[in-house]
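I opened this entry to note, item by item, what I looked up in the structure shown below.

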Amino acid sequence: MDSSSMLQREETSGDMLGPLVRSVLTGGHQPLSRAKTLPPEAYTSEAFFQLEVERIFRKEWVVIGHTSQVAKTGDFFTIDLLGEMIVVVRAADRIRALSRVCLHRWAPLVNGAGNTARFSCPFHKWAYALDGRVLGAPLMEEAEFEPKSCRLPEFRTEIIDGFIYLNFSGDAAPLAPQLTELSGLFARWRPEHWVVATSIDYDCQVNWKIVVETFMECYHHIAAHPETFERAYPARYTYVEDGRAAWTVGHAPAREDLPNEKIAVGFPDLGEMSAQERREFRLYLVYPYHLLNVLPDRVHWFCLQPMGASRTRLQSNIIVRREAFEQPDYEKKMAAEREFLLVVNDEDIAVNEMQQRGAATGSAAPGRFSHLEKALWQLADYVRERIKD
Ligand code: FES
Ligand SMILES: [Fe+2]
């Protein structure tokens, strides 16, 4: 393959988008045994990514954080997503997601995370309340406007099972009714007690779908995680349920002789679980990219920020019940769990980046699915459904 065709593969122009969309749509509605992956260009084309931004990320509900990250009034964290600079803050009345761009001349009011009584612009000191109202604008007496009638734009949010979802378009159907069944399942695990205990940030040179797909299939345990996962949760035992409209779930049962203490590492149990649930981990995907791995005593949560066709920021979090912090050996157990996560995340990121590089080559073509990759087949149909006109 010559370099010019590879270049073409990497840079699908706007003109190329029509044929690519047609090729994406053509592969739909096949049984899993006959289905193929999306075309590799759907993972590398900036034009296709922009279409996903427009038709998926800006229209649907996307998860941006967890309520435990803004536990007290004045707690805030910031996130840059799809061209917006956002501060998520617990105001006196509720959690709000506000544009954090100053109304005067657009300086970001705040960065990082912390606790504050108000936001003060570092440029000319306009002050904002936690609910976004302008509290004061110094030396503006001669301007004919009323600063106190102004407020920062607010994005629509919904909080479900402790997770904060945002809808950019403002007109998506409410999310909670779409997740009723899932919330019913989670209720037994008391998500109101969940706390994000630790986070690890990555900047991955991969498409967002690759992160989702590798999270949701355990086929790769056999090669990518031979020591960390395959011995404990063999790929061949894993399976994915039939999809729901808004979410799906996969199961990874433990090998029969794996001791219970290797599955639960000793944090307080999340809640009520059946004998089968105690012997497996479950991988949940709420479309498009909210990823949770639920174990008996902890949850691994991936919070994504799609940045471009070939770039995704990833925050890998460990969630435990609040009572875990009171355990005398909490620090030791959490350090070991974090160490384990660092190793498996590195294993996943290595294969993800390999796949991304391969997808950008001229010879790459849609590949066949294993039955263990059912969640990928479901995701492909989800994407098709949303990008079609
Ligand atoms: S840009 Fe914020 S006060 Fe001027
Ligand atoms: Fe993995």
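I began with strand β16 (residues 299-308) and strand β17 (residues 311-321), which pair in the antiparallel sense over 9 bridges. I take helices (H or I, at least four residues) and strands (E, at least two) as DSSP runs numbered from the N terminus, and I call two strands paired if DSSP finds at least two bridges between them. Within this pair, Pro306 stands opposite Thr312 in β17.

Before going further I recorded that this is a predicted model, in which local features need pLDDT of at least 70 and side-chain atom pairs count only at pLDDT 80 or more, while totals for chains, interfaces and linings use all residues. Residues are numbered from 1 along each chain as its sequence is written, chains are lettered from A and ligands numbered from 1 in the order in which they are written, and side-chain values use heavy atoms, with hydrogens and water left out.

I then followed the whole sheet, which is open and has 7 strands in the order β11-β17-β16-β15-β14-β13-β12, with antiparallel pairing. Since β11 (194-204) and β12 (239-240) stand at the edges with a single partner strand each, one side of each is left without a neighbour in the sheet.

Axes are lines fitted to C-alpha atoms, for helices over the stretch in contact, and angles run from 0 to 180 degrees between N-to-C directions. Helix α10 (residues 330-359) lies across β11, β16 and β17, at about 30 degrees to β11, whereas helix α5 (residues 208-216) lies across strands including β12, β16 and β17 and runs at about 160 degrees to β16.

Of its 17 lining residues, Phe215, Phe229, Leu283, Asn293 and Asp348 lie nearest the centre. Helix α10 gives the most to this lining, with 4 residues.

How values were computed: Contact means heavy atoms within 4.5 Å. On a 1 Å grid over the protein atoms alone, a cavity is a set of points where a 1.4 Å probe fits but cannot get out, and a pocket is an open set with protein on both sides within 12 Å along at least five of seven lines; lining residues have an atom within 4 Å of a point.
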